[in-house]
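User: I would like to learn how to read the features of a protein model. Could you take me through this one step by step?

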Amino acid sequence: MFSAAAESFLRQAREVQPEELQRFAARVAAQLQGPEPGPEAAACLQRLHLVVAASKYPRRLDGEIVGLLQKVLCSSKCPEQIQLLCAAILREMSPCIDLSLSCDNIQDTKLLSLVSSVLLAQGDKKAEVAAVGQRIVKVLEGRLPEGQSSRYLLPVLSNVISLSPEALTEEQTNVVSKKMADWLRYASIQQGVAQPSRGFFSNPRTRQPGPVTEVDGAIATDFFTVLSLGQYYTEDQWLNMQAFSMLRKWLLCYGGKGLNAPNSGNRSEMDESVMSMVSTTSTSSHLLPPKERLREKAFEYCQRLIEQSNRQALKKADGDLQKACLIEAVTIMDIICKQDSSYVYRAAAFLKVLHSRISGDATYARALLPIAQFFLNHGEMAAVDSDAIYKHLLTDIPAQLFHNASLAFEFVLFCKENSQLFAETSSIFRQSFPNLFKFLAWNSPPLISEFVDLLPFLLDAGTAIEIFHLLLDLPCLTAALDVQMRSTSASERASCDPAVKPATCLEAFRHPLYKSAFQYLLRIESAPEDPPERLIPLRQLLGSLASSPRVVQCADTVPVLLELFFSVVAEFADGPLINQLVVLLLQRSDQLYEIPAFKDDVHRVLSSQLVMLCKLHPALIVELSKELLEFSGTVSNIQNKEAVFTHVVWAIGEYMSVSYDKRCTVEQINRFFETLEAVLFEVTQVRPLASIPSYAPRAITVLMTALTKLAARSQDLIPRVSLFLSKMRTFLQSPAVTSVYCEEDREEILTRATELMNLLKMPSVAQFVFTPSVDAARSRFQKEVNDTLPSALRIVTRLLEPAPGFVPG
C-alpha cells in the first residue's frame with residue numbers, strides 16, 4: 001500500500017489534463033534544449049514520468065517532445081540520470097508512433113541497453129525484437145572497447161528470449177552458449193578492486209583484492225558461483241551471476257536443439273553416455289559443440305551450488321539465497337537430463353544424497369518439489385525406487401506446513417501438473433489425498449481453481465466414498481486445523497483432565513473423548529472405512545468456530561467441488577457404488593457442519609445430484625426401497641432439508657415403475673404410496689388448537705404428484721388419491737392455512753390438485769402420462785424435476801374443464 005503522501009502525488013498526476021500536460025512538456029523541452037541538462041531538468045523529467053506512468057490509459061505527447069527525448073537519450077554528453085529518465089518516459093508511452101530509435105550503430109553498452117529496452121516495449125513487433133537480439137549478440141561476440149561492460153546486455157537478451165525465442169539463429173545461439181559456458185565456469189575467485197573515492201581521507205595506495213569466501217566465511221577454493229561472496233565483484237563475476245539467472249530460460253529455449261544437429265542426431269544413447277563421461281574427465285571439453293559444452297558446465301555449476309548449500313550461512317539473507325539457488329540448481333539439472341539422458345545416473349545419485357540431507361529440515365520444503373519432479377521424470381531410467389521421496393513429500397510436508405500460503409500454492413500446482421505421472425508411477429498420490437485437502441481447507445479461495453483440475457485425478461472407485469465424506473467435512477477440517485495450530489502454541493496450551501468433560505475446542509483436542517475423532521479428521525493417509533460416529537459430537541464441538549472467516553471461505557468452496565465430484569464419479573460409477581453414494585447422501589444430509597448457508601447450498605447440490613444418480617441407475621429406487629421409505633416417511637425432513645426431501649419424493653414417483661426395473665411389484669408401489677400418503681396427511685392436517693407448520697408449497701405439490709403417479713401404476717389406489725385431492729380446496733380455505741400461505745402459494749397447490757384430479761378421471765391417459773416407456777421418459781416432457789407437469793396434463797385439464805363459450809368441434 002502507498003503512503004498518504006504517495007497517494008496524493010499519484011492522484012494529482014492522474015488529474016493532469018491533456019492541455020496542462022502539453023504545456024508542462026514544453027517546459028521540459030526548454031530544459032532539455034539547454035547547453036547541458038542539469039538537476040532542474042532531471043526534476044522536470046521525473047515529474048513528467050510520474051504523469052505518464054500514473055494513468056492506466058496511455059498519455060500522448062506531441063512528436064517534437066518525443067523526438068527531443070530520443071535525441072537526449074542518444075546524446076553521449078548527456079548525464080546518465082537524464083538518459084535513464086528519457087528511456088523510462090519513452091517506455092511508458094509505448095507503443096509510440098513517433099519513435100525513430102535504432103540500435104544498429106550503438107557501441108556503448110549502457111546506451112544500447114537503454115535503447116533496446118525502449119524498442120522491446122513497443123509491443124508485438126517481431127522484426128524489432130529480432131534486430132535487438134542480433135545486435136546484442138553481435139556486440140557480445142566482438143571485443144568490447146575499454147570501459148564497456150557486457151553485463152548491461154544480458155538482461156536485454158533475456159527479454160528478447162521471452163518475447164521471441166526464434167529471433168536468434170542457430171549460429172547466434174551457439175555464440176552465446178559458448179560464452180555462457182565460460183562465464184559460468186571460469187570466473188575469477190579473487191574479489192574485485194574497490195573504486196577509489198577520491199575523498200580527503202582516501203588512501204592513495206590500492207589495496208590488493210582478497211579471495212572470495214563461502215557463505216560460512218571459509219575461503220573459496222573452487223570456482224566462483226552466485227553463492228560465492230565478496231565485498232566487490234569483478235566483471236566476469238557479474239557475468240557469472242547473470243548467466244546463471246538466465247540459464248534455465250536459455251536451456252529451455254535452445255538447449256535441446258543441439259541434440260537434433262546433423263552431427264549428433266545419429267549417436268546412440270551409449271555414445272552420448274561415453275561422450276559425457278569423457279567430457280567430465282578430460283581437459284579438452286572445448287572440443288564439444290557449444291550447447292553440449294554449456295550443458296556440461298551448467299551441470300558442474302549446479303553440482304557446486306548444491307555442495308555450497310550444505311554450508312552454514314552466517315547471515316539469514318545468505319541462507320535464503322542458498323535455498324533459492326538450490327531449487328534453481330535442481331530444476332536446471334532436471335532440464336539438462338531431459339535434453340541429454342547420459343546425465344541421469346550421476347544426477348540421480350547426487351540428488352538422492354541431497355534429499356537424505358534436507359528432508360528433515362522443514363525450511364527446505366520447497367526444494368523437495370524439484371527433487372520429486374526429477375525422480376518423477378527420470379526415476380524409471382535411473383532404476384531408483386522413489387516411493388520414499390514421494391511418501392515424505394505427500395505426507396509430512398502438508399501435515400506440517402499447510403498454513404504456508406506460498407508453499408501451498410506451489411505444492412498443489414506441482415501435484416496438478418504431475419497428477420498424470422503420479423497416477424501412473426505411484427499409488428501414494430491417491431493414498432495421501434486427505435493431506436492434500438488440508439491445503440485447500442486452510443487456503444480455500446486461492447486454491448479452488450487448482451483443486452478443480454486436481455480432483456479428477458484423485459477420484460476412482462476406491463477413493464470416491466472417502467472423498468465424498470471429506471468434501472462434506474471440509475469446513476470442519478478447517479476448524480480442526482485452527483485448533484491444532486493454536487494447541488501447539490505455548491501461550492494457548494490447554495491442560496487436559498480426562499475426568500472432566502472439555503468445555504472448549506482447545507481442551508478437547510487432547511481429551512480422550514475427542515482425541516480419536518481429531519486424529520481421524522487430521523489423518524495424513526486414506527482410511528477407507530466409513531467416518532466414525534464420533535465425528536458427530538466433534539462437529540457440534542467445533543460449531544463455535546463456524547463464524548470464523550477462514551471456515552466460512554472454505555465452506556463456500558464445497559458446493560463447487562461437490563458438483564465436480566459427482567460429474568467425475570458419473571463417468572466410472574457402477575450400480576453398487578451409486579447405491580452406496582445415495583445411501584450416504586441421505587445419511588449425511590443432516591450430518592453437516594452447522595453453517596446455515598453452507599447446509600442450504602450442500603442440500604441444493606445433493607438434491608440435484610440425486611436426480612443425476614437416479615437417471616444413471618433407476619433401479620436404485622427398488623434396491624434401496626428400505627432407505628428411501630425411511631427417509632421419505634420422516635416429516636421433519638421437509639423442514640430440515642426440503643430440497644433433498646422433494647427430490648427423493650420426485651425420484652420415487654418417477655422411477656418406481658416396471659418401465660425402469662422389472663423387479664418393481666405392486667406391493668412395493670403400495671408400500672411407497674402408504675408412506676407418502678401418511679406424510680401428506682400429516683402435512684395437510686388442520687388441528688384446531690395448534691399452529692400450522694409452514695411447509696414449502698413445492699413439497700406439497702411434489703407429494704401430491706408422486707402419489708398420483710403411483711396410483712396410475714396401481715389403479716386400485718386411484719379412489720384414495722382422488723378423495724385426498726378433492727379435500728385440498730377445503731384445506732387451503734381454512735383460516736389457519738390462509739394465515740400461513742400466501743395467495744400465490746395456495747393457488748399453486750390448488751391448481752396442481754385440480755390438474756391431478758382431472759387426469760385421474762381418465763386412468764388410461766393418466767397411466768400414459770405418468771408411466772411412460774423408457775424412451776418417452778427421456779423426452780422433453782420429463783426433463784424438468786421441479787417444473788409443473790408435462791403439457792399433456794394441461795391438455796387433459798382443458799378438455800375436462802373447457803373455457804366458457806368453448807364448443808367442441
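Analyst: Start with the overall make-up. The protein has 43 helices and zero strands. Keep in mind that this is a predicted model.

User: What percentage of the residues count as buried?

Analyst: Of the 809 residues, 51% count as buried. The contacts give another overall figure: among those between residues at least 6 apart in sequence, 74% join residues at least 24 apart.

User: How do I read two packed helices?

Analyst: Two packed helices are described by the angle between their axes and the distance between the axes. Take helix α7 (residues 126-141) and helix α9 (residues 170-185): their axes come within 10 Å and cross at roughly 50 degrees. Therefore α7 is oblique to α9. The crossing of these helices is left-handed.

User: Which residues of α7 and α9 meet?

Analyst: On the α7 side they are Gln 134, Val 137, Leu 140 and Glu 141. They meet Gln 172, Val 175, Val 176, Lys 179 and Trp 183 in α9.

User: How are α36 and α40 placed relative to each other, roughly parallel or roughly antiparallel?

Analyst: The axes of helix α36 (residues 697-713) and helix α40 (residues 743-760) come within 9 Å and cross at roughly 5 degrees. Angles under 35 degrees count as roughly parallel, so α36 is roughly parallel to α40. Among the α36 residues that meet α40 are Pro 697, Ile 700 and Met 704, and the α40 residues in this contact include Ile 749, Ala 753 and Leu 756.

User: Next, aromatic rings. How do I read a pair?

Analyst: A pair of aromatic rings is described by the distance of the centres and the angle of the planes. A search of the whole structure finds 19 aromatic pairs. One of them is Phe 414 with Phe 422, an edge-to-face pair with 5.8 Å centre to centre and 85 degrees between the planes. Phe 414 and Phe 422 are both buried.

User: Why is the pair of Phe 468 and Phe 566 edge-to-face?

Analyst: The ring planes of Phe 468 and Phe 566 are at 70 degrees, with the centres 5.8 Å apart, so the pair is edge-to-face. Phe 468 lies in helix α23 (residues 464-472) and Phe 566 in helix α28 (residues 549-569), so the pair ties together parts that are 98 residues apart in sequence. Both of these Phe residues are buried.

User: Which residues form an aromatic cluster with Phe 414?

Analyst: Tyr 390, Phe 422 and Phe 429 form one aromatic cluster with Phe 414.

User: What sits over the ring of Tyr 152?

Analyst: The charged end of Arg 151 does, 5.5 Å from the ring centre. In another case, Lys 352 lies over the face of Phe 375, at 5.8 Å from the ring centre.

User: How do I read a single residue?

Analyst: Gln 322 is found in helix α14 (residues 316-339). Gln 322 has a relative accessible area of 3% and is therefore buried. Leaving aside residues up to four places away in sequence, its contacts include Val 215, Leu 227 and Arg 311.

User: Is Leu 545 buried or exposed?

Analyst: Leu 545 is buried, because its relative accessible area is 14% and buried means under 20%. Leu 545 is in the loop between α27 (535-541) and α28. In space, Leu 545 and Cys 505 are 9.0 Å apart, C-alpha to C-alpha, and in sequence they are 40 residues apart. Not counting residues up to four places away in sequence, Leu 545 touches Ala 479, Asp 482, Val 483, Arg 486, Val 551 and Tyr 593.

Conventions
Residues are numbered from 1 along each chain as its sequence is written. This is a predicted model: local features need pLDDT of at least 70, side-chain atom pairs count only at pLDDT 80 or more; totals for chains, interfaces and linings use all residues. Side-chain values use heavy atoms; hydrogens and water are left out. Rings of Phe, Tyr and Trp (its six-membered ring) pair if their centres lie within 6.5 Å; planes under 30 degrees apart count as stacked, over 60 as edge-to-face and the rest as tilted. Buried means under 20% relative accessible area, exposed over 50%, partly exposed in between (1.4 Å probe, protein chains only). Helices (H or I, at least four residues) and strands (E, at least two) are DSSP runs, numbered from the N terminus. A charge sits over a ring if NZ of Lys or CZ of Arg is within 6 Å of the ring centre and within 35 degrees of the ring normal. Axes are lines fitted to C-alpha atoms, for helices over the stretch in contact, and angles run from 0 to 180 degrees between N-to-C directions. Angles under 35 degrees count as roughly parallel, over 145 as roughly antiparallel, 65 to 115 as roughly perpendicular and the rest as oblique. A crossing is left-handed if the near helix is turned anticlockwise from the far one by less than a right angle, and right-handed if clockwise. Contact means heavy atoms within 4.5 Å.
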